[in-house]
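Trainee: Hi, could you walk me through this one? I'm new to it.
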There are 2 protein chains.
Amino acid sequence: PDRPPGEDGGSGTGVGDETAEFGQLVSVAQGPRLGIGMDSCVIPLRHGGLSLVQTTDFFYPLVEDPYMMGRIACANVLSDLYAMGITECDNMLMLLSISQKMNEKERDQVMPLMMKGFRDAAEEAGTSVTGGQTVINPWIIVGGVASVVCQPNDFIMPDSAIPGDVLVLTKPLGTQVAVNAHQWLDIPEKWNKIKLVISREEVEQAYQEAMLNMATLNRTAAALMHKFNAHAATDVTGFGIIGHARNLAQQQKNNVAFVIHNLPIISKMAAISKAGGNLFGLLQGTSSETSGGLLICLPREQAARFCAEMKSSRAGDGQQAWIIGIVEKGNRCARIIDKPRIIEVPYRGSVVSAQEGSNNNASPPEVQLT
Amino acid sequence: PDRPPGEDGGSGTGVGDETAEFGQLVSVAQGPRLGIGMDSCVIPLRHGGLSLVQTTDFFYPLVEDPYMMGRIACANVLSDLYAMGITECDNMLMLLSISQKMNEKERDQVMPLMMKGFRDAAEEAGTSVTGGQTVINPWIIVGGVASVVCQPNDFIMPDSAIPGDVLVLTKPLGTQVAVNAHQWLDIPEKWNKIKLVISREEVEQAYQEAMLNMATLNRTAAALMHKFNAHAATDVTGFGIIGHARNLAQQQKNNVAFVIHNLPIISKMAAISKAGGNLFGLLQGTSSETSGGLLICLPREQAARFCAEMKSSRAGDGQQAWIIGIVEKGNRCARIIDKPRIIEVPYRGSVVSAQEGSNNNASPPEVQLT
């Protein structure tokens with residue numbers, strides 16, 4: 001019952017989260033140190049070359065299913081580690097608030113499910129939740145902390161992209177639009193704006209698809225980053241694909257620019273965005289995502305195999321990945337080309353179309369990018 | 001402007017925080033593991049006998065000075081490490097929310113001060129804040145995460161009290177009463193209940209004293225725990241002295257009981273509690289504390305020297321510590337004797353009386369306990 005008001009219910013972004021306010025990449029004698037500018041912080045330890053890598057994220061529920069919300073919150077926290085190519089997590093803390101507006105029965109129904117979702121996702125990630133805190137608050141809060149002690153080879157500093165790399169994205173965009181469209185089913189003046197381009201059933205399917213995607217761990221992608229020699233990565237969350245691409249570009253050691261040609265988007269979400277007058281800036285890449293995919297800079301010759309292995313990986317459950325752009329020489333900036341190709345990513349509920357694979361669904365061959 | 005309603009504004013306790021719901025002490029092959037039952041969790045790592053010790057705490061402001069509030073929040077998080085005898089912290093994350101009811105000017109005045117207080121306390125503790133998140137919320141939230149990677153000798157598992165130990169407390173009780181009394185200065189019907197036993201000036205002094213105590217790091221006490229061979233410790237927060245004493249007793253390997261004879265309380269707070277009809281249960285030990293002292297089980301022959309060194313320690317700034325009880329044979333429970341001795345701890349603002357040292361202020365000799 002408690003969700004902050006406003007259209008950006010789909011955004012899990014905190015003010016100041018992952019901003020470059022304090023963050024910078026500095027090298028110290030003991031090892032690399034990464035401040036607040038990127039997804040996780042990296043703290044050199046006093047013990048034999050080890051580093052503490054940790055991250056925190058908490059936000060307000062954006063889906064109605066408490067169990068899925070718990071899974072999404074956990075996947076979202078872990079994603080900051082996965083963006084560094086880290087596949088293990090030593091411990092998670094859970095951060096929760098119970099809404100003071102919930103009665104006892106609601107609490108007893110909702111909170112255990114949310115906690116179970118969080119714990120189940122942690123277990124799927126091979127870690128566990130030991131510690132945390134719960135407070136009473138007007139709104140429900142769910143989030144956590146993920147920490148791991150790493151050897152130098154366990155993580156990939158997100159600063160080594162070179163011209164000629166390609167950009168790969170491991171989940172489709174459009175979670176914010178899908179979540180909001182689902183809320184608009186019950187708000188006639190909102191629904192009237194989009195009902196010409198989508199049916200109620202499709203909204204329901206898109207919402208389910210968004211939930212599935214948000215609850216999916218980026219762990220397979222993190223493991224494949226090592227196998228295919230990734231040069232840098234980040235995860236796509238509150239600032240949208242272009243915001244996170246820019247942030248990643250700014251962290252690079254080399255003079256590079258990221259150029260995005262393709263936008264894989266949950267089917268019909270681009271149409272909704274257009275019908276609503278470019279809602280959330282989805283096609284400009286500014287629409288918030290929650291627990292989005294990894295955006296990875298990969299050597300060109302490795303990227304297609306990365307995508308193929310993502311799809312075939314047992315652990316990946318046939319997750320898709322798309323080559324969405326290129327790394328050029330440039331001024332540590334990022335942009336989307338004028339008329340990006342929209343890749344309509346079908347709902348997995350609609351098994352037939354997913355298996356048939358439309359042109360729009362196939363990973364584009366690299367040659368299309370240049 | 002944003003503080004949760006209700007009389008227990010002085011409580012920083014989260015629901016489920018430090019409860020024994022999931023927590024238990026279990027030994028695993030790799031090293032000791034400590035779950036949610038106690039102050040910090042201890043996670044054995046894959047690297048050469050090292051453990052990750054971490055804790056989180058966040059709550060709502062309870063004092064009006066944003067800078068002091070930041071310091072208190074930081075001291076409160078670190079206190080969970082100090083309770084394990086840990087003196088170092090590798091990293092802190094800051095957890096914040098900005099109240100949506102604050103205007104831009106208020107935000108720009110309040111939040112930087114609160115963050116500065118938090119950072120300054122972290123610096124005083126020899127650590128730093130790298131990472132965190134800020135969200136918008138109806139209420140202001142402030143808190144953090146403290147993490148450290150330890151060798152086995154760096155921490156003291158809180159489970160080895162033996163009959164004959166004594167109990168030492170390193171900060172006076174009464175922070176909740178002091179904070180609330182200060183709020184009541186502006187609420188006539190509340191003030192009328194207590195004005196016969198305390199003056200407005202004394203309330204102001206008690207409030208300042210409570211703030212100073214809450215902002216004081218328990219780091220000196222943590223270091224002295226090693227020097228004087230402490231057997232177990234916890235920090236006193238939301239469940240009051242008796243709640244945390246019980247929780248600590250339940251964690252013990254030996255059949256022990258904790259018996260509390262003396263209650264060191266910020267001067268006049270006991271009188272207020274009585275005048276208000278046993279407000280908050282201060283004299284029963286149930287009144288919440290925020291960032292309270294450590295409750296430490298020490299060998300009897302070491303305790304007086306522990307207290308003396310606390311007072312003389314340069315780092316300790318002349319912090320006091322009191323022997324407040326004994327460890328007997330028993331059933332892992334804790335109690336306060338029928339008529340505990342109230343030790344009136346003077347305000348440090350009132351330098352003269354503090355130096356003169358009343359009988360009530362002196363650390364009681366051990367013989368008084370038995």
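Mentor: Happy to. Let's begin with one pair: B:Leu169 has B:Leu295, in β11(B), as its bridge partner. This is a predicted model, in which local features need pLDDT of at least 70 and side-chain atom pairs count only at pLDDT 80 or more, while totals for chains, interfaces and linings use all residues. Residues are numbered from 1 along each chain as its sequence is written, chains are lettered from A and ligands numbered from 1 in the order in which they are written, and side-chain values use heavy atoms, with hydrogens and water left out.

Trainee: In which sense do β8 and β11 of chain B pair, and over how many bridges?
Mentor: Strands β8 (residues 166–169) and β11 (residues 294–298) of chain B are antiparallel, with four bridges. Strands here are DSSP runs of E with at least two residues, helices are runs of H or I with at least four, and both are numbered from the N terminus. Two strands pair if DSSP finds at least two bridges between them.

Trainee: What is the strand order in the open sheet of chain B?
Mentor: The order is β9-β11-β8-β12-β10-β13, six strands with mixed pairing. At the edges stand β9 (232–235) and β13 (333–345) of chain B, each with a single partner strand, so one side of each has no neighbour in the sheet.

Trainee: Which helix packs on that sheet?
Mentor: Helix α6 (residues 219–227) of chain B does, touching β9 and β11 of chain B. The direction of α6 makes about 10° with that of β11(B). Such angles run from 0 to 180 degrees between N-to-C directions, with axes fitted to C-alpha atoms, for helices over the stretch in contact.

Trainee: New topic: is B:Ser79 buried or exposed?
Mentor: B:Ser79 is buried, at a relative accessible area of 0%. Buried means under 20%, exposed over 50%, and partly exposed in between, using a 1.4 Å probe and protein chains only. B:Ser79 sits in helix α1 (residues 66–82) of chain B.

Trainee: What does B:Ser79 touch?
Mentor: Leaving aside neighbours within four places in sequence, B:Ser79 contacts B:Asn218, B:Asp235, B:Gly292 and B:Leu294. Contact means heavy atoms within 4.5 Å.

Trainee: And how many helices and strands does chain A have?
Mentor: Chain A has ten helices and 13 strands, and 62% of its 370 residues count as buried.
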